[in-house]
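Subject: Structure handover

Hello,

Here is the structure I promised to pass on. Please open it first, then read my notes below with the model in view.

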Amino acid sequence: RARLGDSDRCFRSRRQTGLELAVPLIPPAEGRKGYLLCTQGLGAVVMDPPGGAAGSGLERVELFLTMIPGWEPTGEDPKKLWPAAALLELAALPLADPKVWIGPGRIFELPDLAVGDCGQCCALILPPSAPFEDADPCTLPDGELVRFCQVVFLYREEAQLLLNQGLPALWEKLGGESCLVDPERENSCKP
């Protein structure tokens, strides 16, 4: 809390995962114009990073995203609140399958994410960007590290562009490097 702020609303997972997962919605603050959504509980899961990266500090993560300025978490409209539901869905993946590793550079397709008109059904995991790079890592009381990873939601075509041409091509197509989540943005790779 000291690093990220206090929340004014919290979403909790309704799935029976054996671990309480939550996403507090932290209002805008100095240096951050949009709401911050951050998982709680995922850091308790010890994952197995690929490629011999065990012991690298990437075994435990919490996920966060920053909403565009002006986004307000009002009401219960799923079309408005899907970013919180998507973070919960993403955080539950390693609980359902112990082989799943969530870390920088990974892309996940979340088929249950397509809510209403929203086609942003892929989640790109990135290292923290400004102003959050100082929040990484967090040390638990037992000395274990929990890393923070930033989530950006993409349309399927944008994720394909990223896989085919790399991150610079994606940022160019999106009109610049932006890690802000806009639930209503247009597909930059619209077919």
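A polar contact of 2.8 Å joins the side chains of E158 and S188. Keep in mind that this is a predicted model.

Where does E158 lie? It sits in helix α2, residues 156-165. Is E158 buried or exposed? Its relative accessible area is 0%, under the 20% cut-off, so E158 counts as buried.

The side chain of E158 has other partners. It reaches the backbone nitrogen of Y155 at 2.9 Å. It also meets the side chain of R185 in a salt bridge, at 2.6 Å from N to O. That pair links distant parts of the chain. E158 is in helix α2, while R185 is in the segment after β9 (180-181), 27 residues apart. Both E158 and R185 are buried.

Now look at the surroundings of E158. Set aside its neighbours within four places in sequence. Its contacts are then L170, L174, R185, E186, N187, S188 and C189. Take L170, which is 12 residues away along the chain. The C-alpha atoms of E158 and L170 are separated by 6.9 Å.

**Salt bridges**

How many salt bridges does the structure hold? There are 4. Side chains of opposite charge can pair when their charged atoms come close.

One of them joins the side chains of R60 and E144, at 3.5 Å from N to O. This pair, too, links distant parts of the chain, 84 residues apart. R60 is in the loop between β3 (36-38) and β4, and E144 is in the loop between β7 and β8. R60 has 12% relative accessibility, so it counts as buried. E144 has 38%, so it counts as partly exposed.

Another salt bridge is formed by E186 and K190. Their closest N and O atoms are 2.8 Å apart. Are these two buried or exposed? E186 is at 55% relative accessibility, so it counts as exposed. K190 is at 54%, so K190 counts as exposed as well.

Next, find strand β8, residues 145-154. Of its 10 residues, 8 are buried, so the strand is largely enclosed by the rest of the structure.

Which strands pair with β8?

- β4 (residues 61-67) runs parallel to β8, joined by 4 bridges. Here the partner of L63 is C149.
- β6 (residues 122-126) pairs with β8 in the antiparallel sense over 5 bridges. L124 stands opposite V152.
- β7 (residues 138-139) is antiparallel to β8, with 2 bridges. The partner of C138 is V146.

β7 and β8 form a hairpin with 5 residues between the strands. In this hairpin, G143 takes a positive phi near 95 degrees.

**Nonpolar cores**

The largest nonpolar core has 34 residues. Those with the most contacts inside it are L37, L63, L90, I102, I125, V151 and F153. β2 (22-26), β4, α1 (78-96), β6 and β8 each supply at least two residues of this core. Which element gives the most? Helix α1 does, with 9 residues.

There is also a second, separate core of 13 residues. It includes C121, L154, L161 and C179.

Best wishes

Definitions and conventions: Residues are numbered from 1 along each chain as its sequence is written. This is a predicted model: local features need pLDDT of at least 70, side-chain atom pairs count only at pLDDT 80 or more; totals for chains, interfaces and linings use all residues. Side-chain values use heavy atoms; hydrogens and water are left out. Buried means under 20% relative accessible area, exposed over 50%, partly exposed in between (1.4 Å probe, protein chains only). Two strands pair if DSSP finds at least two bridges between them. A nonpolar core is a set of buried Ala, Val, Leu, Ile, Met, Phe, Trp, Tyr and Cys residues joined through side-chain atoms within 4.5 Å. Contact means heavy atoms within 4.5 Å. A polar contact is a pair of N or O atoms within 3.5 Å; within protein, one must be able to donate a hydrogen and the other to accept it, and residues adjacent in sequence count only if both atoms are side-chain atoms.
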